[in-house]
Amino acid sequence: QQAKEYTPNSERPPSVANGALLRSNGQPPSLPPVQDKLAAKDTTARPKGTRTLRKSSFPSSKLRLGGDGPVGVASKPPNILVHSDSSSTMEYVIHTLNSLLEPHTYTIYPITTTQTIANSWQQSTALIIVAGTLDADVRKVLVDYFLHGGTVFSMCSDLLDNILPDSKTAEIRERELVSFSYRKWKQIKMLHHVFCYQLSPARKQFSLETEESGTLLPVSYVDATDMAGKLHSLTVEILAQEETWNTPSILEAHNRKTGGRAIFSQIHLELDPSLFQTSIDTADNALQNSNQLRYEILSDLLGGRIGLKLREAHACKESDIVYKNAYFLGKHEAKIEALNTLKDCMARPNVIQTKDLTLQFCGKSDNAPGPATESHLPVMIVHCPEDFSTLEYFENLTTNKIGRIGIYAPIISSSMLIVSNLTLTHGFMVIARHQTKGKGRNSNQWLSPPGCAMFSLQLHIPMSSFLGQRLPIVQHLVAVAVVSAILSIPGYEHLNLGLKWPNDIYAYGTTKLGGSIFNTSVDSSSAVVNLGVGINLSNSKPTLCLNDVIAHYNAKHSTALPLLSYEKTFALIFNKLEELYERVQRQGVEELQQEYYRHWLHQDAEISMVDVGGESLQGTVVGIDDYGFLLVKKQPSGETVSVHPDGNSFDMMQGLIIPKYS
């Protein structure tokens, strides 16, 4: 049968009978029929800016959850979101942010109109940047977010209309080159928005919308209304002025009561002005040099006004990345066998070309390979890496298949590029010391700071097996294996580690240490499951790492547990993963569910569910079903239903839905 791809996190798991893949909208046999499509959100009270998860009520001698971790640690890396009516503008803004902000500190996402209106992003976001013409509902959501304490940076967008609706505007030519001053930067020539807000106009100089003129002092006060109709008083300050007519070019609005802050730039800070050199009649050599000044002004606004952490002057930039050769790990016979199975994929001997990456396997007698690049990865068959101890790794590895053969890459764009584009062998792993373009769930950015333990793995699962019949639950198996591998070490049993549904690894019930992604291809007899896992092992940024948890435990309990090494950590995880995989395949999914319950953070958590008509229903989390989806007991009826994530990229515990199967 033709292979069909699906994502285990998708709304409907595939139904399988007699080894054959049925239609994708078939109802899984274990899910009860439901009539209403409901949205759910966690209603547990929490302090502003933090996320707390319910402790597990399952008895466990190994796990003690609670808020006993270090003070002041962020639960997750803060998000910076970018929204525009132009995809190219979003890409350019994201590139600029990556150049200016401290590496491995923020996750930077593009966000669509639908996602913005849905509101799932607000709780974990440090800043949202918008540019261009915005949807009317998006403007309302952003103003409400700002008025209640959020931070917004508007770059030549019409969001300013919602904050200063009584201001007059004067038309200027599109891409007009204007001179303006901001703090120490004087008489800088940059591109101005097609409209400038005329707050103290002179009629002989401007074509105004009305005969009246408004007045805005350097610091003024205006009122704005949130979506509930509540009035908020704002302080508005002019930060920069256009020098021909002395009209505001950069404004800041501040809600002193909630801490909300919004910066509005009518200068095109989101674009490199030199890109328009040929299209501007009055352009001169100063325009070519203004891009550096644009970076300096943006740095001052982002760092000084908004309070983000900026990149150090000597920090390595993306253009400074030097790719290196990778190494083929495993017994020589297994390497030769693996290469033989891949011969049909080779463009020429020992060279495999995929969509985004070319692998060149190099033996002793081969000519020197071309240099490693983002799209070309030489893999040394015989040599050993200098920064990875194969001796320590294989001494601790006790598996038969998983992790026995694979690739170690000191630096690679993404380890998933290898496993996702090739049919390898069961248990083939790719360990990446550093990833330049790591991806999380739904293609979210995955931060890859030094010290993060990252690997990709390919599993071949018979469709007739327990797991083959319930593929979505494989992600839970991997998450359980990671936590259990650590807590199974003698002396480490009481480290405060747990699981946030479906597959995130948390410390102290509040701080994310790691997560995973999956993609799967299925035919009539087997499923090829490609998984990627990242764990903060030795990197204290951007939040907390596993070795920090160990060090904190030692300090609190006067113990001397050794910190975990890079190589041993991988071996322990693979050992536990294979042991758990084989146990579940022999004894059933109940084995995995019970192991999962010992570590998860949601038992008896209260959630509210809202149907499409707006009716609110209450429920209590009671477990997971055979596919790994949450089981919720509706109140007061007591009916138990499965809920699925709604696909939002920010928090799978928000926006849960009860699916309606046809």
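**Figure 1. Overview of the predicted model.** The protein holds 12 helices and 33 strands, where helices (H or I, at least four residues) and strands (E, at least two) are DSSP runs numbered from the N terminus. This is a predicted model, in which local features need pLDDT of at least 70 and side-chain atom pairs count only at pLDDT 80 or more, while totals for chains, interfaces and linings use all residues. Residues are numbered from 1 along each chain as its sequence is written, and side-chain values use heavy atoms, with hydrogens and water left out. Of the 662 residues in the protein, 55% are buried, meaning under 20% relative accessible area with a 1.4 Å probe and protein chains only. The accessible surface comes to about 28700 Å², and 49% of it belongs to carbon and sulfur atoms; such areas come from the Shrake-Rupley method with a 1.4 Å probe. Among contacts (heavy atoms within 4.5 Å) between residues at least 6 apart in sequence, 63% join residues at least 24 apart.

**Figure 2. Close-up of helices α9 and α11.** Two packed helices are described by the angle between their axes and the distance between the axes. The axes of α9 (residues 474–487) and α11 (residues 566–587) come within 8 Å and cross at roughly 130°; axes are lines fitted to C-alpha atoms, for helices over the stretch in contact, and angles run from 0 to 180 degrees between N-to-C directions. That makes α9 oblique to α11, since angles under 35 degrees count as roughly parallel, over 145 as roughly antiparallel, 65 to 115 as roughly perpendicular and the rest as oblique. On the α9 side, the residues in contact include Leu477, Val480 and Ser484, and on the α11 side they include Leu572, Lys576 and Tyr581. By class, this contact has 12 nonpolar, 1 polar and 1 charged residues, with Ala, Val, Leu, Ile, Met, Phe, Trp, Tyr, Cys and Pro counted as nonpolar, Asp, Glu, Lys and Arg as charged, and the others, Gly among them, as polar.

**Figure 3. Close-up of helices α11 and α12.** Helix α12 (residues 589–597) packs with α11 at an angle of about 130°, the two axes being 6 Å apart, and the two helices are therefore oblique to each other. Leu580, Arg583, Val584 and Gln587 of α11 meet Val589, Glu590, Glu591, Leu592 and Glu595 of α12 in this contact, whose residues divide into 4 nonpolar, 1 polar and 4 charged.

**Figure 4. Close-up of Thr151.** Thr151 lies in strand β8 (residues 151–157) and is buried, with a relative accessible area of 14%. Leaving aside residues up to four places away in sequence, Thr151 touches Ala126, Leu127, Ile128, Tyr145, Arg261 and Ile306.

How values were computed
Buried means under 20% relative accessible area, exposed over 50%, partly exposed in between (1.4 Å probe, protein chains only).
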